[in-house]
Amino acid sequence: MRQKEWKLVITFHTTSDAIAFEKACKEHGKPGRMIPVPRELSAGCGLAWATAPEERKGMEEFLKEQNISCEDIAELFY
């Protein structure tokens, strides 16, 4: 079983936004992975990007650069 730790979780309104963000992150070598939205959060599409909390500022800037909108950005013990 995976050990829980603090994660930065980015949720999206649509599946296409989530997939576009995952593709952009992989192309640019951004850290993280796609996960199902944790129960503590709600999101339109059910997908979220999880990464380290210290990546918050970089991820916010990257979302703007890629012109991808997110629903929420939260830090969770996940």
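A: Accessible areas come from the Shrake-Rupley method with a 1.4 Å probe, and for residues only the protein chains shown count as cover. In this predicted model, the protein exposes about 4900 Å², and carbon and sulfur atoms supply 48% of that area. The model is read with cut-offs: local features need pLDDT of at least 70, side-chain atom pairs count only at pLDDT 80 or more, and totals for chains, interfaces and linings use all residues. Residues are numbered from 1 along each chain as its sequence is written, and side-chain values use heavy atoms, with hydrogens and water left out.

Q: Which elements does the protein have, and how do they run from the N terminus?

A: Helices (H or I, at least four residues) and strands (E, at least two) are DSSP runs, numbered from the N terminus. Here there are two helices and four strands, in the order β-α-β-β-α-β. The radius of gyration is taken over C-alpha atoms, and the globule rule is 2.2 Å times the number of residues to the power 0.38. The protein has a radius of gyration of 11 Å, close to the 12 Å that the rule gives for 78 residues, so it is as compact as a globular protein of that length. Its C-alpha trace spans about 35 × 25 × 20 Å along the principal axes.

Q: Is Thr11 buried or exposed?

A: Buried means under 20% relative accessible area, exposed over 50%, and partly exposed in between (1.4 Å probe, protein chains only). Thr11, in strand β1 (residues 6-11), is buried at 1%. Of the 78 residues of the protein, 37% count as buried. Ile19, in helix α1 (residues 15-27), is partly exposed, with a relative accessible area of 42%.

Q: Which residues does Thr11 touch?

A: A contact means heavy atoms within 4.5 Å. Not counting residues up to four places away in sequence, Thr11 touches Val37, Leu41, Ser42, Ala43, Leu47, Ala48, Cys70, Glu71 and Asp72. Over the protein, among contacts between residues at least 6 apart in sequence, 76% join residues at least 24 apart.

Q: How many disulfides does a search of the whole structure find?

A: A disulfide is a covalent bond between the sulfur atoms of two cysteines. The test applied is a pair of cysteine sulfur atoms within 2.5 Å, and the search finds zero. The sulfur of Cys25 has its closest cysteine sulfur in Cys70, 12 Å away, too far for a bond. Cys25 is also buried, with a relative accessible area of 0%. For Cys45, the closest cysteine sulfur is in Cys70 at 11 Å, too far for a bond.
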